[in-house]
Amino acid sequence: MMWEAAKRVIEKIEQAGFEAAFVGGVVRDFIIGKPNNDVDVATSALPAEVKAIFQHTIDVGIEHGTVLVLDEGEPIEVTTYRTDGLYTDHRRPDEVTFVRTLKEDLARRDFTMNAMAMTRTGTIIDLYNGQEDIQNKVIRAVGYAEQRFQEDALRMIRAIRFSAQLGFTIEFETMSAIKTLAEQIQYVAKERVHAEFNKMWVSRFPAQGMAMLEQTTLSQYLQGSFIAEDWHNFQTTNPLVGWAYFYVLNERESFFSYYKCSNKEKVFAKQVAEAYSKLQEGWQVHDYFHYELEVLEAAFHIAEWRGQAVAFSVHEIAARKAALPIATIQQLAISGRDLMEWAQTKGGAWLKEALHAALLAVLTKQVENNKEQLKEWFHDIYKG
């Protein structure tokens, strides 16, 4: 287990004469009561000193003080206490300075709920009243909010994403700073925005996130429509469905490249959009065959989220798909070669049409998926 491995790592660092503690999101989630195996350790030991303590380490971000320790059976990230220099790229500090006190390290973190530490024995170190903010369900920047967002503009979307995940409100000064600096979001790499949206799609309160993107005017500096009303009924556990819904709402091909979407996300979103469009007139048997169950269910839910009546339930989709005579084109009992032999002619445009007609005949149960019966169908019905 990550926690136990991290405790052993901390213990060994302490035995070597240095400080070490759990930090960041894992402490926040421990207080909230939410499981989290993404365990980070911070220490007063310099990277070279950490490497000297352990036998097996990897330099995963050593320029920023992070060493991956492998000695305890689970990979544990150990990062040296540090302070950050200027963030001229709105993403990473131009330089970091390693320090020996936890207090200095916690001062550079984004929100009070993420600026806590916990010792190996379970003592919470809370210099910015993060526990109180968690109790009051408030997201508050550490120190001066504008400074935190000028350092890394993505923190503005992170605040909103945490609000959507946890159902917390954003404290007034923090919210005001986001409104003031909203235009700086355009300087953030879109891959990072994409990662935050992935988490927003599967959050508990995605509509709340969309509303805050509008309220803060961040939406004006991002591509796409973020009308909160459109997201009122939306709920999913699959980020792919979030991108598909976003695509259906916006109908913009360009946002796939803008948000650096993967090919899988692009293909899934476009298939869902097609299936959703066809659902308006009613799916035919070949639609159940052509689209994966996940695509059909996503299209169905989009209709629901948009308040459109569908004459069947989502549970019927799987039953209708399972009832098809064949599940893939490879299961069709004939091939193009069979059709050319029966027609005694070469291939061409007709061949694709004939194969599609044969597939449809099998799917609609006009003919059994049997080579001899399909041959009769071809001569007597298709050609006849």
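Me: Which residue of β5 is the bridge partner of Val 41?
Reply: Val 78 is the partner in β5. Heads-up: this is a predicted model, where local features need pLDDT of at least 70 and side-chain atom pairs pLDDT 80 or more, while totals for chains, interfaces and linings use all residues. Numbering starts from 1 along each chain as its sequence is written, and side-chain values use heavy atoms, leaving out hydrogens and water.

Me: How many bridges join β2 to β5, and do they run parallel or antiparallel?
Reply: Four, with β2 (residues 40-43) and β5 (residues 76-80) running parallel. Strands here are DSSP E runs of at least two residues, helices H or I runs of at least four, numbered from the N terminus.

Me: What's the strand order in the sheet?
Reply: β3-β4-β5-β2-β1-β8-β9, an open sheet of seven strands with mixed pairing (a pair needs at least two DSSP bridges). The twist averages 35 degrees from one strand to the next.

Me: Which strands stand at the edges?
Reply: β3 (57-61) and β9 (124-126); each has a single partner strand, so one side of each has no neighbour in the sheet.

Me: Which strands does α1 lie across?
Reply: Helix α1 (residues 2-15) lies across β1, β2, β4, β5 and β8, at about 150 degrees to β1. Angles run from 0 to 180 degrees between N-to-C directions, with axes fitted to C-alpha atoms, for helices over the stretch in contact. Helix α2 (residues 25-32) also packs on the sheet, touching β1, β2, β8 and β9 (contact is heavy atoms within 4.5 Å), and makes about 80 degrees with β8.
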